[in-house]
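Let's walk through this one together, a question at a time. Have a look at the fold below, and then we can start with a single residue.

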Amino acid sequence: MIRVEKNTVVTIRYIMPSSRGEVLENTLSGPSASYLQGGAAILESLQMQLEGLQAGERKQVCLSKENGNLEDDFNFDILVEKIREALP
């Protein structure tokens, strides 16, 4: 089974609350998001935390303002929906 690794296209769903508990983004019931693992579409620190997961796996992810150049700390739940090899 394929895992999240460099040069895979990963489709995720997530709920991202702020440190104050406000839901900033919720893709669990709406359109999912896809990105190229190893690319620049999402933060490298987030990609590192998803590395090695398989489709169907969930993970609680923490992004801190100190490590991610962010304005706030974020703790959110991510579901890896699909993974496929990137086209050459």
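Q: Where is the place of Gln37?
A: This is a predicted model, in which local features need pLDDT of at least 70, side-chain atom pairs count only at pLDDT 80 or more, and totals for chains, interfaces and linings use all residues. Residues are numbered from 1 along each chain as its sequence is written, and side-chain values use heavy atoms, leaving out hydrogens and water. Helices (H or I, at least four residues) and strands (E, at least two) are DSSP runs, numbered from the N terminus. Gln37 sits in the loop between strand E3 (33-36) and helix H1 (44-50).

Q: Is Gln37 buried or exposed?
A: Buried means under 20% relative accessible area, exposed over 50%, and partly exposed in between (1.4 Å probe, protein chains only). Because its relative accessibility is 2%, Gln37 counts as buried.

Q: Which residues does Gln37 touch, not counting those up to four places away in sequence?
A: A contact means heavy atoms within 4.5 Å. By that criterion, Gln37 touches Val4, Glu5, Lys6, Asn7, Thr8, Val10, Gln47 and Glu51.

Q: In what order do the elements of the protein run from the N terminus on?
A: The protein has two helices and five strands. From the N terminus on, they run β-β-β-α-β-α-β.

Q: What share of the 88 residues in the protein is buried?
A: The C-alpha trace spans about 40 × 30 × 15 Å along its principal axes. Of the 88 residues in the protein, the buried ones make up 34%.
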